[in-house]
Amino acid sequence: MALDGAMVELSLVELLAQAEKLRAVSGATPGETVAVIEHLLALCYASETYPSSVEEWQTWVEEDHSLDRAASWLADEPDENWDLFHPTQPLGQNILLAPFLDEHGTGPAQLVVERSGDYSQFFDHHHLEHPEPFLPADAFRAMLTQHVYGLPARARISGKATLGPAITNLSAGRLSGRIRVLALGTTLGETLRLNLYPPNGPKGTLNLSWTTGDMARRGFQARPPGREVSGPADLHSYLGRSVLLRPTIGPDGTTVHVDRVLIGAGELLTLEMRHLQDAVFARTMGGTVKPLWPSASRALWLKAHALYAAVTERQAGLYGLLGELPRRPGPHSLKLWAVGLVANKTLPISWTEGFFPFAPHMDHELHEASRRGSAIAEHVARSLQIAAYAAWEVAYPNPRPSDRDRQVARFDARAEHWPAAAGPFQILLEETAEGEPVPDSLLDYADTLQAAAIQFLTKRLDSLPRNNQGLRARAVALRRLKDELTGRRAPAELRGV
């Protein structure tokens, strides 16, 4: 995406060379965008285009340090290293799968995380055999996404007739089970600089293909232990899957397309804390502390305060770096972008993402606004649930136990509340980042959510009959909602304090 909003297709070299003239990378999905940025970061590290210290990182960010070195390095690389269809070292792929591609390969849909699913969407695998080919650029971006976001599953390839039984064991990708947070600037160049953390060690090996470089790759006779990460170039380019693409001539008779794909197990990494510099840690219901994870039932913006808390606490990595940036004049320009893949075991459900404004030295205010904003939204949701139950008690005086949940759901307006609350929450954070007093913004936010909740419940109650019982249920539910929203247990902002 160019600065004027126009969408343009560029090569990797052009992306780096024009990074200051581009607003962002725009992928088909949030995960694909993250995967491309990961690859660009790997190229920067491989070309030694990165700051060596925290102080140098600050200088790079504040003075818009050029990324021309990375662009020049990549332009001078041998073409064969970047050939997606090279006969012995195809980019990002495992050529050892070649003898099995024609027999065991499927249509290129298997390469797309969101389309392949758990291989049983149509029960007979017909969707994976769809003959429509992919353009090479589309296949390349999908492959990058598969490397980092691939879900744990069984590959559709027989271990008995190929490289070994462990080829079928697809492990979870490095980012598949957690929220990935990137700092976004006003240009692609600024975004890359913000996320190029000083490595505090060697740059590591760039993974161009399974058979290139000096690194010893795993075998597939048994599942091996994870290997150590050699550095950030290795971390951001690791091959989380063994992939092989088959080229063919497209329908126009001249353009190369990808018509078959084979996927098997890839590399396993031993990750340490220094490899999770963007992670925000949270505690599960069982007491386990792990990086913040994507959820199908809880909106990501409700966890925004955890990101800001990491900055206020000067957590090592991204958040510690952001916390030391000098205050900038004028409106804020940075955002924290959180992305995760929601999945049910091997079945992808949806991408979840959130954009949260960040202004240097406003982290405490942003943390307070997001923490209180989440608490207010949660209380409004509980109030709507309680009001729905109150309406149900009057509307259904003699219910069957098996009907209870369905009947209560008739009056439960939380489904309308959660999507509607996201916009006011974003406005709350934007105003805070721009310097508005947090208490004033929270009062406006609470008023907005409270008024919307009453409206949502009223609309739900409109389905009640206009008889005595229906009118009583309506009155009881609305009174209960207002009592809950302004009661002593309600957040102070909902009580107008």
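The second largest pocket of this predicted model has a volume of about 530 Å³. If you want to find its middle, look for Tyr 197, Pro 198, Pro 199, Arg 274 and Gln 277, which are the closest to the centre among the 30 residues that line the pocket. Two helices, H2 and H9 (232-237), each supply at least two residues of this lining. The largest share comes from H9, with three residues. Sorted by class, the lining of the second largest pocket has 14 nonpolar, 10 polar and six charged residues.

Helix H2 (30-46) also leads us to the largest pocket, where H2, H1 (12-17), H4 (68-75) and H7 (136-149) each give at least two residues to the lining. The volume here is about 840 Å³. There are 32 lining residues, and those nearest the centre of the largest pocket are Leu 10, Ser 11, Leu 15, Ala 137 and Arg 141. Helix H7 gives the most to this lining, with six residues. By class, the lining of the largest pocket is made up of 23 nonpolar, three polar and six charged residues.

Two packed helices are described by the angle between their axes and the distance between the axes, and that is how we will take each pair.

Start with H12 (residues 363-395) and H16, whose axes lie 8 Å apart at an angle of about 155°. Angles over 145 degrees count as roughly antiparallel, so H12 is roughly antiparallel to H16. Their crossing is right-handed. On the H12 side, the residues that meet H16 include His 379, Ser 383, Ala 387 and Val 394, while H16 brings, among others, Gln 469, Arg 472, Val 476 and Glu 484. The contact of H12 with H16 divides into 13 nonpolar, three polar and three charged residues.

Next comes helix H15 (residues 438-461), whose axis comes within 10 Å of the axis of H16 (residues 468-486), crossing at roughly 160°. That angle makes H15 roughly antiparallel to H16. The crossing of H15 past H16 is right-handed. Among the residues making this contact are Gln 450, Ile 454 and Thr 458 of H15, together with Arg 474, Leu 478 and Lys 482 of H16. By class, eight residues of the contact of H15 with H16 are nonpolar, three are polar and two are charged.

The remaining pair is H12 and H15, with axes 10 Å apart and a packing angle of about 20°. These two helices are therefore roughly parallel to each other. Here, too, the crossing is right-handed. Helix H12 contributes residues including Glu 365, Glu 368, Arg 372 and Gly 373, and H15 contributes residues including Val 438, Leu 442, Tyr 445 and Leu 449. The contact of H12 with H15 holds 15 nonpolar, one polar and three charged residues.

Methods
Residues are numbered from 1 along each chain as its sequence is written. This is a predicted model: local features need pLDDT of at least 70, side-chain atom pairs count only at pLDDT 80 or more; totals for chains, interfaces and linings use all residues. Side-chain values use heavy atoms; hydrogens and water are left out. Axes are lines fitted to C-alpha atoms, for helices over the stretch in contact, and angles run from 0 to 180 degrees between N-to-C directions. Helices (H or I, at least four residues) and strands (E, at least two) are DSSP runs, numbered from the N terminus. Angles under 35 degrees count as roughly parallel, over 145 as roughly antiparallel, 65 to 115 as roughly perpendicular and the rest as oblique. A crossing is left-handed if the near helix is turned anticlockwise from the far one by less than a right angle, and right-handed if clockwise. Contact means heavy atoms within 4.5 Å. Ala, Val, Leu, Ile, Met, Phe, Trp, Tyr, Cys and Pro count as nonpolar, Asp, Glu, Lys and Arg as charged, and the others, Gly among them, as polar. On a 1 Å grid over the protein atoms alone, a cavity is a set of points where a 1.4 Å probe fits but cannot get out, and a pocket is an open set with protein on both sides within 12 Å along at least five of seven lines; lining residues have an atom within 4 Å of a point. Grid points are joined across faces, edges and corners, and a volume is the space filled by probe spheres set on the points.
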